[in-house]
Each structure stands twice: as C-alpha cells, then as structure tokens.
Amino acid sequence: MDSARNRQNTIDAVAAFNAGALDRYLASYAPEATIHGLPEHLEPNLTGHREFLTQMRRALPDFTSTIEDLVAEGDLVAARLTYSGTHEGVLRGVPPTGKRLTWEAMTFRRFNDDGLTVERWILGDNLSLLHQLGLV
C-alpha cells in the first residue's frame, strides 16, 4: 500500500469537497464503498453519502472541512477535521439562524490498491452541533 498516495488522495478529496465539486469528491471513492456514520435513514453507500452532502450544502452553502491532523499508514488514513458553515437553510429541523457553525470530527478512510476509498468511518461531534442549533 502506498500510504503517501492515500494521504494525498485524502487531501485532494477534501479540496474538491471544499470547492463544491461533489462529483469530483465522490470520485475519490470506489463504486462499492461503504460509508459508516451517515444518518440512519440513509444507505451507507455513495448514494446515501451524496444525499447527505447535498442536504448539508443546502443548509450550509459554504460548508467546508479543514484538515487539522492527518496520519497515513498502509491502506488507512486517519484525519481530525473541523467542519464549518453558515446556517442558511433548514438543518436537523432548525430554520436558518445565520450563525456560523463549527464542530469537530474524526474520519478514517481505507483505500484499495487503486487509491480509492473503499470504506470510511465518520465520527462527528454532533453534541456540539446540536448545542449550536439550540437543540440541547
């Protein structure tokens, strides 16, 4: 496994995501990829991931992910991220507040020999997000 390539592929995927290039971002995944950590009502695949990200962009049009730390070893890349965006659409049932929301997350990506993500785990600080939305 080429851990340096997998590390760079993760950086490139985040850059595509931040640019709003959803198709380019999703191209960093293998077609059969499994994405753990999506909301329960979504399938843990690329279709569910696309739907989730589309909903997030509607609620937070300037939604970005900042890589704080990145560790790569073999076929696995681990990242500590900061997510942020301006609340301009309905999010988790909460009407737009205009607030800048910021929360942290951890993500782990497992890559295949072609450098595509085949499995991903997303662990977000949902409590912080819910607090900022006034839900807790």
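Which residues does Ile122 touch, not counting residues up to four places away in sequence? The first legend answers this, and the others follow with further close-up views. This is a predicted model in which local features need pLDDT of at least 70, side-chain atom pairs count only at pLDDT 80 or more, and totals for chains, interfaces and linings use all residues. Residues are numbered from 1 along each chain as its sequence is written, and side-chain values use heavy atoms, with hydrogens and water left out.

**View 1**
Ile122 belongs to strand β5 (residues 117-124), where helices (H or I, at least four residues) and strands (E, at least two) are DSSP runs numbered from the N terminus. Apart from residues up to four places away in sequence, Ile122 touches Ile35, His36, Gly37, His49, Tyr83, Met106 and Thr107, contact being defined as heavy atoms within 4.5 Å. Ile122 counts as buried because its relative accessibility is 15%; buried means under 20% relative accessible area, exposed over 50%, and partly exposed in between (1.4 Å probe, protein chains only).

**View 2. The aromatic pair of Tyr83 and Trp103.**
Six aromatic pairs are found in a search of the whole structure. The ring centres of Tyr83 and Trp103 are 5.7 Å apart and the ring planes stand at 65°, so this pair is edge-to-face; rings of Phe, Tyr and Trp (its six-membered ring) pair if their centres lie within 6.5 Å, and planes under 30 degrees apart count as stacked, over 60 as edge-to-face and the rest as tilted. The pair links distant parts of the chain, 20 residues apart, with Tyr83 in strand β3 (residues 76-86) and Trp103 in strand β4 (residues 100-111).

**View 3. The largest nonpolar core.**
A nonpolar core is a set of buried Ala, Val, Leu, Ile, Met, Phe, Trp, Tyr and Cys residues joined through side-chain atoms within 4.5 Å. The largest one has 31 residues, of which Tyr25, Leu60, Leu91 and Trp103 touch the most other members. At least two residues of this core come from each of α1 (3-18), α2 (22-26), β1 (29-36), α3 (46-59), β3 and β4, and the largest share, five residues, is supplied by α3. Leaving aside neighbours within four places in sequence, Leu91 is in contact with Met56, Ala59, Leu60, Leu101, Leu129 and Leu133.

**View 4. Strand β3 and its two partners.**
Nine of the 11 residues of β3 are buried, so this strand is largely enclosed by the rest of the structure. Strand β2 (residues 64-73) pairs with β3 in the antiparallel sense over nine bridges, two strands being paired if DSSP finds at least two bridges between them. The bridge partner of Asp69 is Arg80 in β3. β2 and β3 form a hairpin with two residues between them, and Gly74 in the turn has a positive phi of about 60°. β3 and β4 also run antiparallel, joined by 11 bridges, with Thr86 opposite Arg100 in β4.

**View 5. Arg92 in a loop.**
Arg92 lies in the loop between β3 and β4 and is partly exposed, with a relative accessible area of 44%. Although Arg92 is not a glycine, it has a positive phi of about 55°. Most residues other than glycine have a negative phi.
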